[in-house]
Structures are given as C-alpha cells and as structure tokens.
Amino acid sequence: MNPHRHDIEKLYAHLHSSAQGLSQAEAARRLARYGPNQLEKIGGQPLSIRLLKEFTHFFALILWLAAGLAFFAEWREPGQGMAMLGYAVVGVIVINGLFSFWQEYRAEKALAALRNLLPRHTTALRDGRAMQVPVAELVPGDVVVLAAGDDVPADCRLIEAFAVRVNTANLTGESKPKSRATTAPIEAEQVAMRRDILHAGTSLISGNAKAMVYATGMHTEFGNIARLTQVAQEPLSPLQKEIAHLSRLVALFATLLGVLFFFIGQSIGLSLWANLIFAIGIIVANVPEGLLPTVTLSLAMATQRMAKKNALVRHLTAVETLGSATVICSDKTGTLTQNRMSIRQVYFSGAQLFPDELDGAEPLYDIMRHCHDLRRVEHNGQQQWQGDPMEVALLQATPAGTTYPRVDEIPFDTERKRMSVICDTPQGRMLYCKGAPETVLPLCNEMMAEEGRLPLDDESRLRIMNEHELMTADGLRVIALAYRSVPQQSAHREAGMVFAGLVGLVDPARPGVAEAIATCAAAGIRVIMITGDHPHTASALARDIGLGLDPLAIIGERLCTMSDTDLQLLLDEPVLIFARTSADQKMRIVQALQRKGEIVAVTGDGVNDAPALKCADIGIAMGISGTDVAKEAADIILLDDHFATIVTAIEEGRAVYDNVRKFLTYILTSNIPEIVPYLAFVLFRIPLPLTIIQILAVDLGTDMLPALALGAEKPDSDVMRRPPRPRNEHLLSRGVLLRAYFFLGPLEAVAGMAAFFFVLHGGGWTFGRELGLHDPLYLQATTACLSAIIAMQVVNVFMCRHPVFSVFSRGRSFNRLIVYGIGFELLLLLLITYTPWGNALFGTAPLAGEVWLFMLPFGLGMWLLEELRKALIRQRIARNGTAGNTVR
Ligand code: ATP
C-alpha cells in the first residue's frame, strides 16, 4: 500500500490502529514481530582486512624491509645470528600490529559506547496517553506527536499538522524547508512531493504534528538510502594527522640515516653484516612504532572522561579544538541560568502586583493557559508538562479552568520573539499571543484596564514600556500577553490586539557558573553572552555571575545596522553582551570572531541555531533543552546544559594535548641513547654497546605502558591558568624537541655508555680489543647499557609528567597507571637480566650489584639537572609574567 495516496481511515484499517495509537501490549507484540526501529550497521571494513592493514602500513613496511635485510645477511654470511634478528623484527611487527589493532578497536568501542549514552526518545500515544518512548521501540501503527526541532523518528503519515515545515536535506539533498501541511491523500510519486508524509531522517523546522508510523528501521526511505551508502569512517583529526605526518618524517629520517651510515661503514671497511646490523638498528631505533594508535586511544579516553563529566563528544576532532578555544559564546537561559522560572511580578490593569494579588484576571489567565507549546507526557508513571520552563511557570500559575480546543497557531521563533494560538471558545474564536513586549505592544491598539478595555494611546504605551524597563532592571524576564477575537473566516493575524499585561519571571543563575566564569578569565578565554532576552535582564545576570560590573550590551537592532568592520572593532570590548539577538545574528558574531583569528565555541539549542553551531569551531548543543536538529549540528552535547561543563571539557581538551606531548617527550628521549651506541660502534670501532633486539625490548617492551600512562594523565593543576594554545603551534614544538633530543636523551646516552664501559673495564677490556658476540664480558656490558637506559627511563617518567613543575610540586594527582607502568618496566628488566630465557632471547647476562650502584648517580644527576632546568624556566615565566606555552 502507498500510505500517501490513501485516506487516513484506510491507513488506520490497514495498520489495525487508530488516531489514539496502540496499546502497550500491542506495541510490544509488534516490536517482537517487526524488530527495533534502527538502521542496521552496514558497510565498514571487515575485521580481517583491518587487521591485515596493521601489518602493511608504512612503518610495518619499513620493519619488513629491516627483517628482509637481516635474512639477506644470514644468507650471505650464515652463523652470525642474523636470522634470529630477522625473526625478532618479524615478532615486533606482529606484536606491534596486534597491539595497534587492539588499541584502535578499544578506541572505536569507546566512541560507540558514547553514542549510546544519549538514547533518543520521542513522544508517542500508547494506551491513549502521550508518553516518552525510545525511538528504537516505535512500531507501525504508533501515533507520534512532534514539535519544531524534533527529528522524525520513522516514516509517518500526517494526522494533524499546524504550520509544519521540514528539512529534508538528509533525504533529498534539498536544503530549503518544505511545508508538510496537508493530511489529505496525495497522488505525487516523488518522495519530496508527498506533502502528507513525514520521512525518517528529516526534521521539523517549525510547527506541531501528529502522525501515524507506517514504516520503521530499514523499511523507511532513509533505511533504503542507508543500505546503499557506505558508513563513512570518522576522518582523522588534525592531531592524528600531525602525528601520522610526524611519524613518517621520523621514519624517513631514520631510514636515510641508516642508509647513510651503511655507506660510511662500507667506506671505512666494516664487514657487510656489521653494516647491515647497524643500518637496521638505526631504523628500528627511530621508527615510532605505536605512536598513532596511542594518540587515538588517548583521545578516546579523554572523550570518556568528558562523558563522565557530562560533555558528550561527537567527533574526536572536537577534543583538541576545545583545548585551543579562545572565546565561548554562550546562551543565557538554561546554560548560565537554571531555566527554572517562577513568576515574581505582574503588571495588570495599571498596577504592579504579586502573583497572588491577581483578581479578575481571567483574560490574562486564558492566555497563560492556552498560549504554549507544552506537551503533557507520562514520565516514570507520572504526568508532567514537557517544554519551555517559562511556559510551564505561566501555565501552573493559572487557576483550574476549561481548556478550549486549538484550531491553529503561529509558532514562536527568535526572529519574531512571540507566538500565538487560535482557540474556539464559548465567546467565539480567540487569538492568544505572548512574547517580548517590544514586539507585542506595537501590535495592540487597546488595553485592559480597571474600567474595561481602553484605547492604547501613546501615553499608555510609554507607561507600559517604562514599567517593562523597571522590571527588566530588576533582572526579571518580562513577557507581554495580548489577545483578540477572530471572526470565523478572517485571517489569523497578530494585529489589532488587546494588551492584557506583563508578567515578570525570575530565572536564577546556575550554581557553579560564577566559578566557571572566573576559571575562563584565568585561562584567557573570553565569555560573550548572546541572548534573545532584554539587555537589562542580561546585564543584571552578567553582574550576578561576575562576567563584569559594567558590561556593554548591544541589541540585535543595532547589530543589524552595523558594518562588519564596526562589529569587528566592537568585539575588542572586554565585556560584551548581545541581547535581543536572533539566531542568524549569532552566526554573524561567530564569523566576525573567527575573522579576528579567534577559536570560537558556541552554544545553541533551537532549530535556528544549527547554522551557527555548524560554522563555529566547536558547536555545543544542549542535551536537555536542545532540539534534535541542534544536537545533530553540534560537535559536543552537554548532558546537563550547564555552562560549567563547557569549561571542564576545555580543561580536558587542553590536557589531551599536554599528555600527547608528555609521552612524545618520553618516547623520543630514548631514541638518543639507542642511536649513540651505533654511532660509537661505527666511529670508534668499539664493540656494539646495544643490540637491535635490546632496542626493541625498550621501544616495544619497557617504554610501552609508561607512555600509555602518561597519555592518561589528569589535567595539570595549571592547565586553566595558561593562555590558550595558538592554533598554528605544532605538537612537536621546539621545546619538546630540545628537551628530548638535546637534554634528556644525551643524559641517558651518557648513562648507557658509561655503564657499558664500566663493566668492560671491570672485566679488563682495553680499547681496540675485539670481543666475541657470546663473550660473557660482552653480554654483561650490553646488559649494563640496556639496564641503564631503562633505569633512566624510569626516572624520566616522573620528569615527563610536567614540562615545568617539579616532581615534588603540590597538586599533582596520583596516577595509578604510572605505578603499574613502572612496575611492568622493572619487572621486564628483571626478567631480561636474571632469567635464563630472558638472557637467551635478548643476549644478556645477570648483572652484579655494583653495576646498579654505578647507575644510581646518573639517575640522580639527570633528575637534579632536570629540576634545575625546570626551576630556571619557572623563574623566566614569573619574570615575563606569562605562562609561555613555547617552553612546553
Ligand atoms: P537565550 O537565547 O539566552 O536562551 P532567551 O530564551 O531569552 O535567551 P529566545 O529564546 O531567543 O532567548 O527568546 C527571545 C525572547 O522571546 C524572550 O526574551 C522572550 O521575550 C520571548 N520568548 C521566548 N520564549 C517564548 C515563548 N515560548 N513564547 C513567547 N515568547 C517567547
């Protein structure tokens, strides 16, 4: 059957349902029969292909090349142990591939789990009552009730429609809103032309609708399209791209170095196999094997930490962009305030009254009772009003009375700042209107007074606007109420109305907002309030939450007449509020900020906010009050709608970047003590102090867990006391490079080489004497070099926890993973050194106690020197007065 072509009654009969929807029991039966209303995950790469990819990417290929060289050397000169090396490198490729695969799988699972944290609900009629139902549980025959901003949850046929317009871009690619006004059958074949149908995957831009579901899940038109298209993979974030680029660069550098030294070795007459060992060693030592998956995992872990703090990240990219945000443009109602409204004051019949002093205010009550978009729904067995808290406050302040049927409505939008409904009452058809006083009052020509209805002359208008100003100066949110009777055939116009009164509501600031604003100030992040409310109300709140004592409030009307240059100049103002703004102006402000080089986070909840959310660097939608449309356009969803959550998320975003730098410093440091032995081997003709397998033991064994632990560090205590990171700053900054390659690395290299010679000299070795590969003295000496590097890396973990703070600085949170990481590192070292199979595998021998004692001063020395370096930098920062990101 084609639901769009038939009478609605026929559809009821076909689906065995009615305008009252289904019973719970029947819905459950149908759910079992038709399955959940979900799109099946299709496409994506099979696991086996993805696993294979881990063994064939760029690094793996370099390592395969290294293994190939080893086997080649074994073939040319058998018996030198090169085959063993080849197998070891293959082992590395396998372990590394599996490890990366596991990390990526975990990261993906973590992201998928996040998506499920926000189950989608819709309002459906069950057992004749409206209730919240998970979208996945909708079945054919259900009747859904939809309002502006809602996603259409399944393919439905309209039963009732008021001013419904839908965005069908997802389905037809057409971005212009389409009207879906008719409930009568349509002959059209084209999906876009079926004006009596709401399709899944589209969303309501305006209006209210009641519709019957006739197709769910993969049976919807959208399901059909989803079947055809592949599920797109999440694109790499800039950080991931930078890491990939960086790793490639390092690997290329390593390979070139390897090849270069191969020829140097050849020219100074080293044997081929010695040369090959050398080339392979240099390559293996430098390839940053597990770096990219570690970054991905640390991003994914950050998203999980953020989710625990009520910020749901929809794209990994958002995590790092957040860390560099310089401006937050925040809504007022619900984000900075509690959105828990109560009526404080009413201006009625020429007098300011408390809500309980209202007498004979029937027309006022009629407007408050009828002019709203609330829905009565069942939630956890209780009947509740769902919708705008201001409307709830207005409705709940009315005494019990009859509710008249609604025949039409003119919906609210931020442009008009008012809404109206038309009801059939015993007195005839009435239009009830409420909205911002300056938009409602000009449409009135009479007013209610004690004497009855009076003409609204200029003097009265002035008086009313004065009263309005007084109320807003007290921080009240003021709404004007008006009505008129509408003759049956006339158009439903908001004009010639009777002004009924002003209602002033309070909406207190949310607890924690003032602290969050102070944190932003310390972190160099500007907060700009953008609200649809009156400038006085907004300024009063701004003072309340410490945004500024004397904020400059710009109203939307002024913004309209302002040139882009003027706006840009205006944005230099330290404390700024935009009041009475509409959604498209929000977008203009965001763009002007971006042109000034700011990185802008913007909040939004309504349908009209979607463009601003999309255009901002970080779009933040409200989880509770936000529409589906806004959530879809956002990068981050605030589960608690709270401003303070944005600030916490920024803190986590900054921490991710810091953490990646911490483990990068840690990993890069050990490259130097791994390269130096090879240089010494070639240049000074000494026995090779560190074998390739031992390098692998460090890079893929002992270094792995501590690096991961550094990637999971909690935000540093100073993270919100520094200015935002410049957008063009690279991860591998000069600071990181200098510290790892030219400070910590050489110190470790000195320790490794010193330990090597300490053992050799102790055993009576003299310069120029050759040592056999299995000579116990040689085995002990390389073990000493390896152990010294690992011991220095243990010290290094603590030093890498912060680039500037001392190890003993207060405020360091305890990181359990670091303890595990070091425990694992030391355990591996003991196994490598003191077990027979460890000795056999890694070419090592047990060390005497004095060797360990010999290493101690090196560890202490590195620590002291690093503390000194940090102290000097802290001093410089204190002197310059900035927290200077450049030194990090
Ligand atoms: P914010 O933009 O910070 O969330 P806001 O809720 O005041 O603040 P809008 O939703 O754009 O911003 O509302 C603008 C104005 O429109 C309000 O100040 C109020 O006067 C009026 N208004 C808001 N909601 C309604 C409504 N449901 N019905 C009628 N008028 C409304």
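**Close-up views: the open sheet and the ligand site**

**View 1. An open sheet of 8 strands with mixed pairing runs in the order β8-β26-β25-β24-β9-β21-β23-β22.** Strands (E, at least two residues) and helices (H or I, at least four) are DSSP runs numbered from the N terminus, and two strands pair if DSSP finds at least two bridges between them. At the edges stand β8 (311-313) and β22 (552-555), each with a single partner strand, so one side of each has no neighbour in the sheet. The model is predicted: local features need pLDDT of at least 70, side-chain atom pairs count only at pLDDT 80 or more, and totals for chains, interfaces and linings use all residues. Residues are numbered from 1 along each chain as its sequence is written, and side-chain values use heavy atoms, without hydrogens and water.

**View 2. Strands β21 (residues 526-530) and β23 (residues 576-579) pair in the parallel sense over 2 bridges.** I530 has F578 in β23 as its bridge partner.

**View 3. The ligand is surrounded by 20 residues (a heavy atom within 4 Å).** The closest are K332, T333, E391, R477 and R580. By class, this shell holds 6 nonpolar (Ala, Val, Leu, Ile, Met, Phe, Trp, Tyr, Cys, Pro), 9 charged (Asp, Glu, Lys, Arg) and 5 polar residues (the others, Gly among them).

**View 4. Oxygen atoms of the ligand face side-chain N or O atoms of T333, at 3.0 Å, of D533, at 3.2 Å, and of R580, at 3.0 Å.** Taken alone, the ligand exposes 600 Å², of which the protein buries 90% (Shrake-Rupley method, 1.4 Å probe). Elements giving two or more residues to the shell are α13 (389-396), β16 (428-435) and β19 (477-485).

Conventions:
A polar contact is a pair of N or O atoms within 3.5 Å; within protein, one must be able to donate a hydrogen and the other to accept it, and residues adjacent in sequence count only if both atoms are side-chain atoms.
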